[in-house]
Amino acid sequence: MSTATTHDKNSVMDRLKWETRPAHDRIESVPFSMMMQEGRLPRARFAAKLACWLTVHGALEAAVAQSDDAACAAVWVDSMARTSHLRHDLCCHGDMDMPAAAATATLRIVKWLSGLADTDPRALLGCLYVLEGSKLGGTILRKCLDDAYGCGPDALSYFWASGTSPMPDFKAFKERMEAALTTDEERDRVVAAASGMFEHLTDVLEGLLEGLDSAAAVEPEPVGEGKCPFGHG
Ligand code: HEM
């Protein structure tokens, strides 16, 4: 039986999914992402990540929402905005430890987005896809982060912005994207921008790793005398 998957080159969402797959796999497996998934990330660095993401969301959301471009207007809905969630969560995780390299990489994204907004606002929809799609993996991350910090879902509201399942919102986003982007040429620009966004965000995560020992093992909880080491009483 053939396992080949067919991709529709006339579907911008198919192209985004498959053509940015290598970039997604890279951002998912950089040491910073692994430390989040394995509960090994110091909380002050998680707070720094929220601050970097707040800067990026702020720049992108404003650029898309205020654009005169017809495709941007057709795709953007105010409920996609997540800056208020990030601001809220930032107040819940204590002091942040922001490495200079992460701040520099974040400002590089802001500059890049502002250039796109001036020259090719429609391409910003590729960047928006990257942040909107990240809600899917966020359902895995929010559990890892809650386990690591014991903070509860309120402190992770960024990852709950679409509720229990992000699928209905993502499906509606996909439909708006397909209807708004109908030529090969504009799909090319959107896919290229999405790849660029993944690369830039990967640079931020690499910057956020500065000074951390990414190979450090998780410190096991000390087991009290007479207690079962497997947590059964
Ligand atoms: C940190 C660890 C991450 C994990 C474990 C993860 C996991 C996932 C999973 C399970 C999906 C759903 C795949 C599918 O249904 O086909 C997904 C989709 C996606 N993720 Fe991630 N992800 C991570 C990080 C990120 C980051 C940092 C971004 C970008 C900021 C991102 C952007 C996306 C996008 C755009 C999609 C949608 C793919 C599509 O078009 O269907 N992910 N991720």
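Helices α7 and α10 cross in a left-handed way, where left-handed means that the near helix is turned anticlockwise from the far one by less than a right angle, and right-handed means clockwise. Like every helix here, these two are DSSP runs (H or I, at least four residues; strands are E, at least two), numbered from the N terminus. This is a predicted model, in which local features need pLDDT of at least 70, side-chain atom pairs count only at pLDDT 80 or more, and totals for chains, interfaces and linings use all residues. Residues are numbered from 1 along each chain as its sequence is written.

The axes of α7 (residues 100–119) and α10 (residues 184–207) come within 7 Å and cross at roughly 160°. Axes are lines fitted to C-alpha atoms, for helices over the stretch in contact, with angles running from 0 to 180 degrees between N-to-C directions. That angle makes α7 roughly antiparallel to α10 (over 145 degrees; under 35 is roughly parallel, 65 to 115 roughly perpendicular and the rest oblique). On the α7 side, the contact (C-beta atoms, placed from the backbone, within 7 Å) includes Ala101, Ile109, Trp112 and Leu116, while α10 brings in Ala193, His200, Asp203, Val204 and Gly207. By class, this contact has eight nonpolar, four polar and two charged residues. Here Ala, Val, Leu, Ile, Met, Phe, Trp, Tyr, Cys and Pro count as nonpolar, Asp, Glu, Lys and Arg as charged, and the others, Gly among them, as polar.

Helix α10 also meets α1: their axes come within 10 Å and cross at roughly 35°, this time in a right-handed crossing. Val12, Arg15, Leu16 and Glu19 of α1 touch Arg187, Val190, Val191 and Ala194 of α10. That set splits into five nonpolar, no polar and three charged residues.

Then there's the ligand. It is surrounded by 18 residues, and the closest are Lys17, Ser33, Gly133, Ser134 and Gly137 (a residue is near if its C-beta atom, placed from the backbone, lies within 6 Å). Two or more residues each come from α1 (12–19), α2, α3 (31–37) and α8 (124–149), and α8 gives the most, with nine. The shell has ten nonpolar, six polar and two charged members.

Methods: Contact = placed C-beta atoms within 7 Å.
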